[in-house]
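Take a moment to look over the chains before reading on. We'll go through a few places together.

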Amino acid sequence: MTPYALIYTAVLLGLFVLAGGGYGGFYSVGRLWSNTVLIRAGVACYLVAILLALAICLFTPLAALWKVVIVLSVLIYAAIPPVTWRYLAKLHRTPEESK
Amino acid sequence: MDIQDPGFWRAGAISTTAVMLVVLVFLTINSLRVIRAGGANVPEYDVINRQISYQYDWTRRMDVPVIGGQQLLFGKLYTEDEARALMEKGKLVIQSRACMDCHTFFGNGAYYAPDLTKAWLDPAWQQIWMPMTGAKTREEAMVMFLMHPERYPTWSREMPNLHLNQTEAQAVVAYLKWMSAVDTNGFPANFGHTQSQQ
Amino acid sequence: MYRSQKLAVRYFVAAVTLFGVMTIAGLLSALYYLHPSLLFNVFNFNMAKIFHIDTLIIWLLMGFMGAVYWFLPQELGREVEGIWLAEILFYVFCAVVAVVSVVFIFVQYGSSNEFSLWFINQGRKYVEAPRWAAIGIVIVVLTFVYNVVATCFKARRMTGILWVLVLDLIPLTLLYLDAFPALTNMSKDLYWWWWLVHMWVEGTWEVLIGCIMAWALMDVMGTSRRIVETWLYIEVMLVLGAGILGIGHHYFWIGTPQYWLSIGGFFSALEPLPLLGMVVHAIYDAGAHHMKTNNRPAFYWILAEAFGNFIGAGVFGFMMTLPQINLFSHGTQWTVSHGHFAFWGAYACGVIAVLYLAKQKISGVEFLDGRAWKWGFGLLNFGMIGMVGGLLIAGIAQAFYERAIGGSTMMAYMAGQENPWFVSGMYARMGFGLIFAAGYIVLVYDLLSSGKRAPKAVVKSQTT
């Protein structure tokens, strides 16, 4: 790995997770306030995450197995915010026992 | 299987933790075998009687320690027991002076001073400290530096005098020699070789 | 208030005091980088660093213990069993910390013998305190565990949160036993040392803060028990599922087998995923109660916990966890930036939330708000983000110039430390560290000031 490859690979990896976080954050707040702009912003972050994953796969010297991990991660990231949100909503809708 | 039932997730937490712990135990048993002195990755303490170098291995694609022929340390050949006693002393010095709170060992510790994983192999001893101290061997230069670092400064961030006596300084040097022979999966990379920025 | 809650307040006071010591020691440690001759051979960097990292561990531990002593009697509706013993041991704990500190300041280190390890300095990171003190800490923690278990026993009931807590405290206590050995073989020493450090801060402490946050959510946002418990189990499953073998990200370079590169890197790469779930959960919880809370500072510190944890541990960790990157970033200021942000987000924010919770109850204020807490919140978080930003720049410069280009020799190290990017990072860290310290002062002022200063008569519109 060249010195420059070290830097841009690490930065891409960090931005990748950050984009995933942006997706989770914007999507959740958007669902909370029923704000489609924010939900779209979340989806846009997810698209950025996909692009970053693509960049990691195409331009970084990581071994093939790690690139597979990145691809699997980006697929899992897609599910986390909506699945978590749906699950929490269901959990809250069920009659709650007293404390 | 009701995923809204806490019991489902409780079972999930217990089983996941249990499985991971079992795997960790197995890996630990194997790892301890590999890292004991004399194991696959960690040499016996009397490696201090041998020459040690760090060379690129094309099959593993990383730098690995290479143990060569006999090389006396402090002009002496140490028995296994003497070497072990020296290592025990060296580690006690390192702990008692809290070296790990300025330096790193295998990259672990504090970052105010250089990493000491391959300190034994550092070219600075031959290039800088042997001329400065007038020592005839690398280990003598190291001992002189450790005992009186204030006499041989090379930088604005100086090594403090931790009042090491000769025995302690020699033990530390021997310890560093042994440590440089540990197979660390290539850490630090490119040791001693500079690279172009591209 | 229960006696246990009064003890909790004492633990909180001690925790906040040590938070202050940690901050001062941190500023001092940062200053050495800019003025290396500072206190040279009088009080060197290693001693300042020992104060900084050891008080970090102890203030957080005291915060956790205080939180448990606070919530436990509420949880079971009865006084904590053996509380008289815990009250005595609190003072023992403080005395131990004080004596160790005095020895660290005035004696600092000893000769290379067992006496030094027993009475002066053990020199192993985070657990430098001499063995006699470690024994003291074991006694304090064992008493704490006894308090929890015996209270559950006497109450003849358990809750889900308590089951998780009790089962977590057992390994937490046992792991501390690694504070004692002085193994000659550095590889072996570090192998077990990481069982203590990683399995604390990326294992048992995660579960412990999860339990505390579960109680805090019930208190601050009125979330139901069923929901917090369900979430707690999910959290334990995911965090330990990734974190147990995630210990492997500390086993890349210490002499351990090569398979740890794959195993450690893979499980470590999974660690951000549950943290993303926690961010979603925090936002959901905030909204599910229409941002209604009667304790705004606690609420915002809980949110800070979720976001700080994700970014500090998740984003910053992921940047450097793959072995090909870590080979160059390991043991640089990059690590420091990740460590600061992760500890802050994962633990400090959560403990501060509990402090505000306790403050509200003690002052009897129905609706806790005000201006000071916002300044404290802003300065501390802004200061922290600035510090880790500076450290990140310095760390990247170090990985680039010292490691990747320079070949990691001593001369390469020195050149890296003198690099303008590195030096700028150190100055930035110092500046933002001062901002953080200012935030600490405001936090203490706000915690100590009477709750009546909050506009309790005016129930503001509770939507943001």
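Which residues in H6(C) meet which residues in H8(C)? On one helix they are Gly160(C), Ile161(C) and Val164(C), and on the other Glu229(C), Leu232(C) and Val236(C). Meeting here means contact: two residues are in contact if their C-beta atoms, placed from the backbone, lie within 7 Å. Sorted by class, the contact of H6(C) with H8(C) has four nonpolar, one polar and one charged residues. In that sorting, Ala, Val, Leu, Ile, Met, Phe, Trp, Tyr, Cys and Pro count as nonpolar, Asp, Glu, Lys and Arg as charged, and the others, Gly among them, as polar.

A word on the ground rules. This is a predicted model, where local features need pLDDT of at least 70 and side-chain atom pairs count only at pLDDT 80 or more, while totals for chains, interfaces and linings use all residues. Residues are numbered from 1 along each chain as its sequence is written, and chains are lettered from A and ligands numbered from 1 in the order in which they are written. Helices (H or I, at least four residues) and strands (E, at least two) are DSSP runs, numbered from the N terminus.

Back to our pair. H6 of chain C covers residues 160-175, and its axis sits 9 Å from that of H8(C), at an angle of about 30 degrees. That makes H6(C) roughly parallel to H8(C), a label for angles under 35 degrees.

H8(C), residues 225-246, also turns up where chain C touches its partners. Toward chain B, the contact takes 68 residues from chain C and 72 residues from chain B. H8(C) gives the most to chain C's side of it, with eleven residues. That side has 32 nonpolar, 28 polar and eight charged residues.

Now turn to chain A: 36 residues of chain C are in contact with 32 residues of chain A. On this side of chain C, H10(C) gives the most, with eleven residues. The classes here come to 27 nonpolar, seven polar and two charged.

Finally, hop over to chain B and find Gly68(B) in strand E2 (residues 62-70). Is Gly68(B) buried or exposed? It counts as exposed, because it has 9 C-beta neighbours inside 10 Å; the cut-off for exposed is 12 or fewer, with C-beta atoms placed from the backbone. Leaving aside neighbours within four places in sequence, Gly68(B) is in contact with Arg50(B), Gln51(B) and Ser53(B).

Methods: A residue is buried if 20 or more other C-beta atoms lie within 10 Å of its own, exposed if 12 or fewer, and partly exposed in between; C-beta atoms are placed from the backbone. Axes are lines fitted to C-alpha atoms, for helices over the stretch in contact, and angles run from 0 to 180 degrees between N-to-C directions. Angles under 35 degrees count as roughly parallel, over 145 as roughly antiparallel, 65 to 115 as roughly perpendicular and the rest as oblique.
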